[in-house]
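Please work through the exercises below with the sequence and the structure open beside you, and try each task before reading its solution.

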Amino acid sequence: MTEISPTDMLSAEQQAGTSQFLTFKLGAEEYGIDILKVQEIRSWEPVTTIPNTPDYVLGVVNLRGTIVPVMDLRRRFQLEQAEFHTTTVIIVVKIENEGHLRTVGMVADAVSEVYNVVGDAISETPDIGGAINVEFIRGLTTIDEKMIILLEIDALVNAGLLAELPSSP
Amino acid sequence: MALDLNMSQFHDIFFEESIENLEVMEANLLSLDIARPEPEVINTVFRAAHSIKGGAGTFGFSDIADFTHVVETCFDEVREQKRALTRLMVDAVLESVDCLRYMIAQSKSGQDIDKDKVAGIRQKLIALPAATQSEATQQPTPSWHIYFHPHDYFLKTGNDPYRLFRELAELGEMQISGQLDRLPPLQGMDPELCYLSWHIQFSADVARGDIEEMFEWVDEDCELHIELGGERRQHADRRAGGRTGGRRADDMQLPTSAASGGQLPGQESNSIRVNTEKVDNLVNLVGELVITVSMLSRFASTNRRPVDREKLKQSVEQLERNTRDLQEQTLNIRMLPIDFVFQRLPRLVHDLSRSLGKQVELKLSGNATEIDKTVLEKIGDPLVHLIRNALDHGIETPAEREAAGKEKVGVIALESYHEGGNIVVQIRDDGAGIDPEAIRRKAIEKDLINVSDELTESQIHNLIFLPGFSTANEISGVSGRGVGADVVRSNIVELGGNVKVASQKGIGTTFSLYLPLTLAIMDGQLIRVGEDIFVISLLSIIESTQIDSSLVSAVAGKYEVYRYRDGYIPVIRLHEVFGVQGANTALDDGLLVIMDAGRRIGLLVDDILGQQQVVIKSLRTNFRQIESLAGATILGDGTVAMIIDLPGLLEFWLAENESANTPSAAAEIST
Amino acid sequence: MTETPKPTRILLVDDSASMREMVSFTLKAAHYEVHESMDGVDALAFAQDNDVALVVTDINMPNMDGITLIKELRQLSNYRFTPILTLTTESADDKKQQGKAAGATGWIVKPFDPDTLLKTIRRVL
């Protein structure tokens, strides 16, 4: 099981007003999350399913004795299903929920880069419709002519995973 | 040169001590027989008040000290027989105990104390009619006779008779005559030894205890007789009810060492205060250890070299044994006697029965039954609610009881005991019982059942647990407060427990709470459904059996029941309820695990695997509570398995079936 | 001679700094001279070289506990009749008696308020 520490991926330069984003791939799209939220990245491992939860809650894994739920972002964003293979990763993030820090895993096809993004370079999100609620998106940015969707990870996890949703999918 | 002394660091200890002392006071006050108070009990109350006062004074809570002083004085006078104990006094002091709790709570949180409130209660105490005080004030100053005979080594203890006399003299008038008869001739005298003894006539308005306190340090280093002059016999005779002589009664008056610790007799336990967090950490740590051991154990059984394997196996077995012991001991730290909750109840019953004009005897048993601290903390409110309920709606007024041919005094019996893997707490009253017709009407009125529903009596009783159902016609202020039996039930179920009610109209009602011993660990049975492994409570299993599909019949075309012994039990197909793919669906290929989930149910599973103790980890830590699951655990191979919560599963299954057109929710709730 | 009388010296032995400060503060406020020791060893060393009017000692202490200290002190010729008080808790009846058996004069029950402390001390001075 390979683990990549986020510090290995940090760019040397850090400027004021600049945030670092870890980007990952879901199909053709590239998403970014604030690197400060990322606790670790693990290779894919089978999960234990939790009955009576929405389908995008894949289940839980044992993270050094802690039970951590894992969310499938493809399912969450209603993208086409993909097989889990060697590049599939679980990005473990720490987010705040009701005053507690919660550790949650998110499955992505692969991690790609860590980018420095200046605040000015983030543009407002047009309502792109579909499964991704605008409140889950911090904004869009373009790097090397690629569009990257920067996620508001706290909101996504809070509303999409931890909130009491109808228990049947 | 004044040192800056930060007293606040002692405050928490003081608050904790005081709260304990208040509990001691309360328990003892409630156990007092007004007509024949036991001196030990009076003494204990006095001492508890005394230590609160002392502490409050030390740490600068002068309002608490002042207030407690009044309470202390009151009991001191009773102790010294200067006044008689009255019901009025006990009630006033009980009220003072509450007031002190309030004052301590305010002081603890740094909030202001409502001075008027305190002054009111204080006034009540001061204004208590002094039953025998007039008698006492008419009496002349008591005259004591003290015979003091120090052992010869007396001076070597650093004590000095002269200093003792000096102290006595501060309290009253005295005449001392020394006994010189044991004084040896000068040449044979050892100046370091004490040869003298003294007779002291001592007139002072003090109690025996005050004099004894003077000699407290030298109690064992001397012969000491303290006798009250003229009134002695009279007092003594009254105390002893005229049956025994004065000497005997005097003995009773001595403070006993059991009472001196400010604790109830027999309650002195070798306990230490431990921070809960530390214990929790320890419990978690041991939990991890258990997991490590089982990983190691797995490795041991798969290692290829036979020699190594045997050695490894032996040491792992040893480790397993040690770990289990350690775990048991560690969990034990969290266990506390249920009496911690029970002891709140006599007061409640005392106050409530008075305000309701009812006569009730509260019987407590099984007080020593130990239960996990967390469980203990969470059953307080439900128990209080059930007791209130029993008093308010169960027990009738004395007149009603007489008319019904019952004893005037009703009985509420509270009992706790072990049963299987559970602690059972039973609240039984001999009151009016639940009227099934009234409940039925009410349930129909509230749209909880249909007029056409045919319910058994037991099903009707259980309607009171439905949300929003309140048995009282009007909110009575006693059991009202917007809490219903449904809240009691949900609190208990949340703990992994269950509530049952049984009642007979005119005879009484019994509520039984089934509680888990601990929330941290359970004896698990691993079961397989498809590829998934689940854990169920080993202790809830009645038996497991191959299914004879001819004994299964479908009800309403939807759910199945299995003929088991003399009844039918619902068959819960776990693969269906949990949506597990790839599981057996043919009844004949599966196994039925028959379990007690408050009622008997059968779980259809693919296979029954091993048994092991599992550490329960909450899903809420990083996720949320899932109905029908008690949590998750980590198995020996590091994978996670879900732990099934039986009452939750049953409820979930019932709800699922309800949407699939069963008659009504109510019909499904039965014991 | 206008020299003020030498204040009465009390030897205070307790390993708890907070307790020591509290007792010492009270005693000093009442114009006693206080020598503080952290354990029995320290206290005994001081007692051997100095005279004190009263010893107040805790029982549970590292290095040398209060019981041993009392026994040792009673072996010293100038401490045979010196008052020695133990600091004990109300419930620790056996500790009081252990102290007494070792040669203590009496005890002071913790917790105490300054008045009680002074009152108790005056009983033996």
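The exercises that follow concern a predicted model, and each solution goes step by step.

**Exercise 1.** Determine how many helices and strands chain A holds, and in what order they run.

Solution. Begin with the count, which gives 2 helices and 11 strands in chain A. Next, follow the chain from the N terminus, where the elements run β-β-β-β-β-β-α-β-β-β-β-β-α. Finally, turn to the packing: of the 169 residues in chain A, 37% are buried, and among the contacts of chain A with a separation of 6 or more, 57% are made by residues 24 or more positions apart.

**Exercise 2.** Describe the side of chain A that touches chain B, stating which elements give two or more residues to this side.

Solution. First take the two sides of the contact, to which chain A gives 19 residues and chain B gives 20 residues. On the side of chain A, the elements that give two or more residues are strand E5 (57-63), strand E6 (66-72) and strand E8 (100-108). The largest share of that side, 4 residues, comes from E6(A).

**Exercise 3.** Work out the strand order of the open sheet of 6 strands in chain B, and identify its edge strands.

Solution. Reading across the sheet, the order is E14-E18-E19-E17-E16-E15, and the pairing is mixed. The edges are formed by strand E14 (541-546) and strand E15 (552-555) of chain B, since each pairs on one side only. Neighbouring strands of this sheet are turned against each other by 35 degrees on average, with direction ignored. For a closer look at one pair, take strand E18 (residues 591-596) and strand E19 (residues 600-605) of chain B, which run antiparallel and are joined by 6 bridges; in this pair, Leu591(B) has Val605(B) as its bridge partner. When inspecting side chains, recall that in a regular strand they alternate between the two faces of the sheet.

How values were computed:
Residues are numbered from 1 along each chain as its sequence is written. Chains are lettered from A and ligands numbered from 1 in the order in which they are written. This is a predicted model: local features need pLDDT of at least 70, side-chain atom pairs count only at pLDDT 80 or more; totals for chains, interfaces and linings use all residues. Two strands pair if DSSP finds at least two bridges between them. Axes are lines fitted to C-alpha atoms, for helices over the stretch in contact, and angles run from 0 to 180 degrees between N-to-C directions. A residue is buried if 20 or more other C-beta atoms lie within 10 Å of its own, exposed if 12 or fewer, and partly exposed in between; C-beta atoms are placed from the backbone. Two residues are in contact if their C-beta atoms, placed from the backbone, lie within 7 Å.
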